[in-house]
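Please examine the sequence and the structure shown below before reading the report.

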Protein chains: 2
Amino acid sequence: MYRIASLTACCVLALGMTAFAADEAAPAGQAALEKSFDANIHTSDLDSWMKSMASEPNHVGSPHDKQNAEWVLAKFKEWGWDAHIETFQVLYPTPISETVELLGGKKPFKATMQEKAIPGDTTSRAKEYALPGYFAYQGDGDVTAPMVYVNYGMQDDYKQLERMGISVKGKIVIARYGAGWRGLKPLLAQQHGAIGCIVYSDPADDGYATGAAYPEGPARPPQGIQRGSVMDMTIYPGDPLTPGVGATADAKRLTREEAKTILKIPALPISYADATVLLKSMTGRVVPGNWRGALPITYRVGPSDRQLHLAVKSDWSLKTLYDVVATMKGSEYPDQWVVRGNHRDGWVYGASDPLSGQVAMLAEAKSMGELAKTGWKPKRTIVYLSWDGEEPGLLGSTEWAEEHAAELKQKAIIYINSDGNGRGFWRAEGSHDLQHFVNEVTDGITDPEAQVSVSQRSRAAAREMGMNPKAREDIKAEAKIDADATKDYQMGPLGSGSDYSAYIEHLGLPALNIGYGGEGDGGGGDYHSRYDTYEHHSRFDDPGFVYDALLAHTAGHMVLRLADTEVPVVQAGDFADTVAMYLGEVKKLADNRREAAEVQAKAIADHVFQNTEDPTKTNGLPTALKPVPKFDFTPMDDAVKQLQKSAKAYDDAFTANAAKLSPEARAKLWATIQPLDQTLAPDVGLPGRPWFKNLVYAPGRYTGYGAKTLPGIREAIEDERFGDAVKYITLTADALNAYSAQLDKATEVLKHG
Amino acid sequence: MYRIASLTACCVLALGMTAFAADEAAPAGQAALEKSFDANIHTSDLDSWMKSMASEPNHVGSPHDKQNAEWVLAKFKEWGWDAHIETFQVLYPTPISETVELLGGKKPFKATMQEKAIPGDTTSRAKEYALPGYFAYQGDGDVTAPMVYVNYGMQDDYKQLERMGISVKGKIVIARYGAGWRGLKPLLAQQHGAIGCIVYSDPADDGYATGAAYPEGPARPPQGIQRGSVMDMTIYPGDPLTPGVGATADAKRLTREEAKTILKIPALPISYADATVLLKSMTGRVVPGNWRGALPITYRVGPSDRQLHLAVKSDWSLKTLYDVVATMKGSEYPDQWVVRGNHRDGWVYGASDPLSGQVAMLAEAKSMGELAKTGWKPKRTIVYLSWDGEEPGLLGSTEWAEEHAAELKQKAIIYINSDGNGRGFWRAEGSHDLQHFVNEVTDGITDPEAQVSVSQRSRAAAREMGMNPKAREDIKAEAKIDADATKDYQMGPLGSGSDYSAYIEHLGLPALNIGYGGEGDGGGGDYHSRYDTYEHHSRFDDPGFVYDALLAHTAGHMVLRLADTEVPVVQAGDFADTVAMYLGEVKKLADNRREAAEVQAKAIADHVFQNTEDPTKTNGLPTALKPVPKFDFTPMDDAVKQLQKSAKAYDDAFTANAAKLSPEARAKLWATIQPLDQTLAPDVGLPGRPWFKNLVYAPGRYTGYGAKTLPGIREAIEDERFGDAVKYITLTADALNAYSAQLDKATEVLKHG
């Protein structure tokens with residue numbers, strides 16, 4: 001379900017085969033190997049595989065999803081991999097009936113829950129098992145109530161509503177997509193007492209404003225619906241009934257009522273064609289300026305005079321997941337695993353999301369199979385995974401991670417994820433001790449449009465963003481770093497929204513999420529809709545499959561280098577610097593919050609809010625901010641200082657001695673580095689959501705997909721849980737100290753064998 | 001034509017009579033006088049005067065404009081003022097024929113240039129002399145060409161167009177209102193080679209997005225057209241044929257061709273109903289995100305496949321202006337004038353703009369007349385002015401200022417301006433040595449909604465704005481100052497857009513522009529349209545004429561105090577602090593520009609812009625920024641230091657000795673202070689526009705109405721005229737030094753008589 005910025009383009013490109021340079025930095029043998037690998041990546045393969053895999057709806061439980069799994073299995077076997085299908089039994093609701101009905105007026109209006117077919121493209125192959133617009137893991141129900149428009153339905157919007165004196169209690173909220181993860185919208189609605197939730201795609205963010213609508217152009221057409229999961233994945237992803245363990249047939253299960261990640265109120269997504277009718281009927285106060293979308297109406301908050309009838313009934317039976325697991329055994333270090341995955345299930349046809357990434361991954365596997373046929377064997381074991389059930393809640397990847405947790409923690413040296421892909425800019429997010437490695441690989445991949453390395457192109461994009469006079473300060477600061485050619489191009493941190501979550505955040509493994517995207521006018525106008533088809537992807541998202549193939553080259557080079565490298569690729573300096581930056585942010589956050597609370601307290605005492613009140617519009621006092629204590633950050637300051645010291649010592653020792661290590665010392669070094677990142681994920685976990693163990697990287701409780709770094713401290717400050725902040729300053733410092741200590745052991749090995 | 005933020009409200013208020021407190025700070029006699037003055041301000045007067053004055057179109061040259069002048073004259077006389085009408089003969093074009101026609105398609109589409117009448121309101125009294133939508137001082141012509149959409153049509157938009165590789169040469173541009181003064185849009189179009197210009201009101205900024213459309217609500221309806229002047233008033237305002245001198249019957253005149261302030265290309269405003277048809281037909285590249293409005297279309301840049309036919313023919317004859325001049329002679333200091341004005345001409349009915357301010361001013365005059373009948377006589381001469389011809393280009397006020405320049409420079413101690421007014425927040429802009437005086441007066445005026453002083457309410461609004469986490473840094477800094485109760489509530493600087501321009505910027509007199517506004521949903525949806533009627537104003541802009549009456553109270557108190565005060569009201573510290581702040585801004589501007597030029601130069605050298613290029617969309621290099629030298633700001637640093645020193649000495653001496661001065665010393669003090677502000681406006685004037693003499697306050701060459709402070713330096717840096725910057729650092733420092741020296745003379749008088 002992950003999307004790298006905007007994935008679409010406005011005209012068909014015919015750049016043909018991807019050009020790429022041999023990597024100067026790689027050893028000669030490696031360069032030759034990569035050249036052979038590259039020669040066997042064919043855009044025509046990707047094209048035909050996507051055409052076939054996206055030919056019918058392929059969501060969890062659909063016949064074509066299983067067929068695709070079997071087809072992928074057969075392909076892996078054909079290419080010489082040791083492959084099998086691993087199944088899980090998960091709770092996965094599918095809709096039986098759905099109603100969105102505006103009552104009153106001359107006649108009731110009913111929303112249309114399925115997009116119409118477009119003559120000549122895949123959508124015209126209407127299968128009755130195509131999923132309608134719906135939200136997985138909403139709470140079934142049948143409610144009738146007035147509507148309240150809540151803008152994006154995020155925390156700040158509810159604060160604003162409160163000041164306007166408008167309550168959603170007993171109402172049905174209508175929210176537009178954007179500004180935060182979809183699942184937070186019904187969750188926050190529920191927390192504020194709403195009895196139902198409608199989410200629609202406003203054309204300001206995703207529709208005609210962004211470009212010509214499909215099929216003329218790539219943008220979302222009026223009838224397009226964004227499906228999606230609303231499972232509360234910020235508590236834990238995966239099967240709601242089996243947190244922490246694999247959802248095998250005989251696993252111990254919670255009841256549906258016990259599962260905290262399932263919502264309690266009914267919720268549905270609708271199109272903007274239908275939303276226009278609902279919003280046009282809205283009465284009440286005109287919205288604040290930043291709540292306006294691009295529909296040709298006066299947006300109003302409500303509550304509406306007219307009632308909305310919202311009803312959802314689902315089939316809550318267990319469904320079977322089909323993860324395809326393919327292994328190529330390591331010739332020298334079979335118990336060190338390079339793990340690579342991409343999901344296979346879509347919401348309907350799923351061409352861009354996820355098949356663009358899936359076919360790239362298959363191209364890698366095919367080419368490695370060819371290499372193996374010529375006699376090459378990876379030194380380490382390579383594990384490729386075609387995940388099922390990502391869309392409803394990272395099901396396939398999470399259950400597999402939980403089922404194989406012990407073995408993964410012992411053997412995996414990395415998890416490399418991709419998801420939907422498209423034309424545009426290289427982007428990587430992940431563990432920052434891999435940042436230098438990622439730069440080494442991508443410095444050797446040439447962008448087919450710019451004819452410079454993909455990292456150099458992304459660096460240029462970051463610099464150009466920083467030159468916008470209106471750019472945020474952090475973006476300007478990043479641009480400054482990226483203008484320094486001696487520094488690595490910076491990766492973002494991982495949050496959630498794709499299959500890496502369990503690996504980095506639950507198991508503490510080093511992980512990457514990679515892909516291309518961001519060019520084009522569409523802004524992902526097919527995202528999670530029935531129009532995410534082969535035709536849409538090949539016309540707008542990656543004409544000629546140029547960037548999908550480029551993903552195969554990039555990920556393939558990573559896997560090949562990791563499989564064969566004699567010494568670990570970790571560079572600790574990047575990680576230390578990044579954590580130091582995060583600590584700076586967290587301290588600034590505390591200072592800003594403290595000042596804001598002081599300013600607000602004085603303003604309340606001075607009756608500022610009463611004095612600005614317009615008597616024709618209620619605006620109560622804002623929620624009072626808690627006074628923010630001065631935190632003692634010393635444990636973190638010390639830990640970061642130590643981390644920077646240990647990192648420098650390791651990196652220096654590595655540069656000096658790594659090439660000269662004895663085989664025994666190398667083995668010792670690997671044994672020390674393999675569990676290194678796991679030190680960041682002690683068993684304690686995050687407050688209220690202990691499944692999330694990583695104390696450096698997490699998805700935000702109130703951002704959903706968006707990452708929160710140093711989450712135990714940062715979110716505690718944001719949420720005014722100041723006791724937790726104090727507690728997690730120590731816990732996070734402990735984790736960083738454990739990382740430093742482990743690194744020191746490795747330095748010792750590098751120095752003295 | 002001036003508007004204080006948004007002037008409209010969404011529901012009718014019935015607050016009745018305004019409440020206000022007696023001013024504790026004023027001397028007892030003054031308090032009693034103000035109480036008597038206040039008792040004679042009646043909202044019913046304002047209501048009935050507006051109803052009558054706005055009953056028919058009243059633009060320059062219309063029969064009703066002349067009738068209104070004669071009626072105002074009669075009123076002044078009735079109230080005991082010495083009054084007369086002063087006429088000027090000015091070039092003022094009115095349209096004979098106008099065409100906006102989209103060619104091609106099934107049949108040509110023609111824009112409607114006059115808004116339809118609304119049954120039951122003033123607009124249904126259709127007079128044939130109502131002006132259609134048009135731009136005063138555009139250049140007549142008849143052109144046919146493809147269209148290019150240029151967003152707001154400001155400088156940055158043309159930079160963006162250049163990068164997109166789209167030229168407007170030989171095209172007709174279509175721009176939306178907003179982001180800068182209307183007149184810059186056709187001017188910049190012309191400078192970039194366009195042959196015509198259309199401007200429309202996008203509903204994102206001014207239409208259904210902001211509230212329900214008139215007559216249901218206050219917002220601009222689809223057929224509403226914003227008329228206006230496009231005279232290049234940033235060179236000089238007033239009659240284009242008589243710059244610098246009064247446009248009397250026998251004045252020496254330029255030819256129309258010689259007048260630099262008249263545009264060369266045809267230009268017209270249209271409604272958003274009509275703009276929708278033009279923009280929907282547009283072809284070419286999709287616009288950047290921040291170029292989108294709220295019409296339900298995909299905005300495209302063009303050039304359009306279809307041609308637009310634009311033709312304008314005007315009557316360019318001279319027309320007569322009728323300024324009403326009313327005087328109440330000072331009993332003690334008849335040669336010291338307190339000057340107060342508001343214009344009377346509108347674009348059509350002109351209820352909010354300008355009659356809301358005009359009737360407030362008339363209420364002041366009536367009440368002062370009543371005071372005079374009870375025996376009170378002002379010590380100084382009070383001059384009230386009902387200006388004509390403000391809308392086309394500040395004609396009446398500028399010609400009068402130019403005609404009476406010598407006398408004004410010798411006698412005027414202030415010019416107090418107002419214009420359109422409405423419900424909401426107090427706002428003042430002007431000479432900062434009057435800031436403390438403005439605070440003293442407004443601390444004694446109670447806001448009828450908040451029941452605190454109007455200055456306290458505006459202060460609260462500034463503080464609330466600063467609490468928005470997304471507020472700009474300068475807004476946060478201002479909020480911090482406004483939270484300090486020991487400091488004066490801050491005034492803004494004067495730019496242009498109303499009748500103060502000639503007084504402060506050409507003559508160098510101290511001036512204020514004052515009013516209320518900003519509450520309501522409409523965002524000025526009637527502005528410069530046929531719907532600016534009595535009904536619109538009394539329903540939405542100031543129900544009950546509460547804030548229009550409040551303006552009369554406020555301005556009246558200022559005039560009364562200035563007329564009777566024994567000692568000058570100047571407080572120099574506020575001015576010194578404000579200039580110090582402006583200097584800080586200018587230095588930061590230079591530093592930011594220098595850094596931006598360096599960053600850009602490095603980025604160009606590193607091929608950053610080529611590397612981010614999307615081959616499906618041309619994006620050339622940005623215009624290269626000139627390297628910014630390190631300016632020697634020492635003359636300004638020294639001048640500001642001296643100013644702060646001199647200001648403190650004056651303010652301290654004033655506090656210590658002002659009350660004890662002998663009559664002779666007082667006279668000497670007045671003689672020293674009266675010309676004080678004129679030191680800021682030496683004869684040299686601004687580069688390329690020497691009519692603008694004030695070196696501290698000016699309208700921006702590329703903002704139009706928006707002020708640029710320290711304009712000789714600031715604009716030179718912005719426009720990369722670095723030689724001018726160096727030159728104006730010295731010239732501006734000289735002006736400030738002259739101000740300090742004059743102040744020192746006054747201090748000397750305060751200290752030693």
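The report that follows treats the two chains, their contact, and selected local features.

## Basis of the model

The model is predicted: local features need pLDDT of at least 70, side-chain atom pairs count only at pLDDT 80 or more, and totals for chains, interfaces and linings use all residues. Residues are numbered from 1 along each chain as its sequence is written, while chains are lettered from A and ligands numbered from 1 in the order in which they are written.

## Relation of the two chains

Two copies of a chain are related by a rotation about an axis and a shift along it. Here chain A is superposed on chain B by a rotation of 180° with a shift of 0.1 Å along the axis, and the RMSD is 0.0 Å. This is the relation of a two-fold axis. The superposition is by least squares on the C-alpha atoms of residues with pLDDT of at least 70 in both copies.

## The interface

In chain A, 41 residues are in contact with 41 residues of chain B; two residues are in contact if their C-beta atoms, placed from the backbone, lie within 7 Å. The elements of chain A that give two or more residues to this side are helix 12 (454–467), helix 17 (572–605) and helix 18 (608–612). Helices (H or I, at least four residues) and strands (E, at least two) are DSSP runs, numbered from the N terminus. Helix 12 of chain A gives the most, with seven residues.

The residues on the side of chain A that touches chain B comprise 23 nonpolar, eight polar and 10 charged. Ala, Val, Leu, Ile, Met, Phe, Trp, Tyr, Cys and Pro count as nonpolar, Asp, Glu, Lys and Arg as charged, and the others, Gly among them, as polar. Because 100% of the interface residues of chain A are also interface residues in chain B, the copies meet through the same surface.

## A helix pair in chain B

The axes of helix 21 (residues 663–673) and helix 23 (residues 722–752) of chain B come within 9 Å and cross at roughly 170°. Axes are lines fitted to C-alpha atoms, for helices over the stretch in contact, and angles run from 0 to 180 degrees between N-to-C directions. Helix 21 of chain B is therefore roughly antiparallel to helix 23 of chain B, a description used for angles over 145 degrees. Among the residues that make the contact are Leu669(B) of helix 21 and Val749(B) of helix 23.

## A buried strand in chain B

All seven of the seven residues of strand 14 (residues 412–418) of chain B are buried. A residue is buried if 20 or more other C-beta atoms lie within 10 Å of its own, exposed if 12 or fewer, and partly exposed in between, with C-beta atoms placed from the backbone.

Strand 14 of chain B runs parallel to strand 12 (residues 333–343) of chain B, and six bridges join them. Strand 14 of chain B also pairs in the parallel sense with strand 16 (residues 511–518) of chain B over three bridges. Two strands pair if DSSP finds at least two bridges between them.

## Backbone features

Most residues other than glycine have a negative phi, and most peptide bonds are trans. Gln451(B) has a positive phi near 55°, and with 12 C-beta neighbours inside 10 Å it counts as exposed. His607(B) has a positive phi of about 60°; with 15 such neighbours inside 10 Å, His607(B) counts as partly exposed.

A cis peptide bond joins Asp353(B) and Pro354(B), with omega about 15°. Pro354(B) is placed in helix 8 (residues 351–373) of chain B.

Key. Angles under 35 degrees count as roughly parallel, over 145 as roughly antiparallel, 65 to 115 as roughly perpendicular and the rest as oblique.
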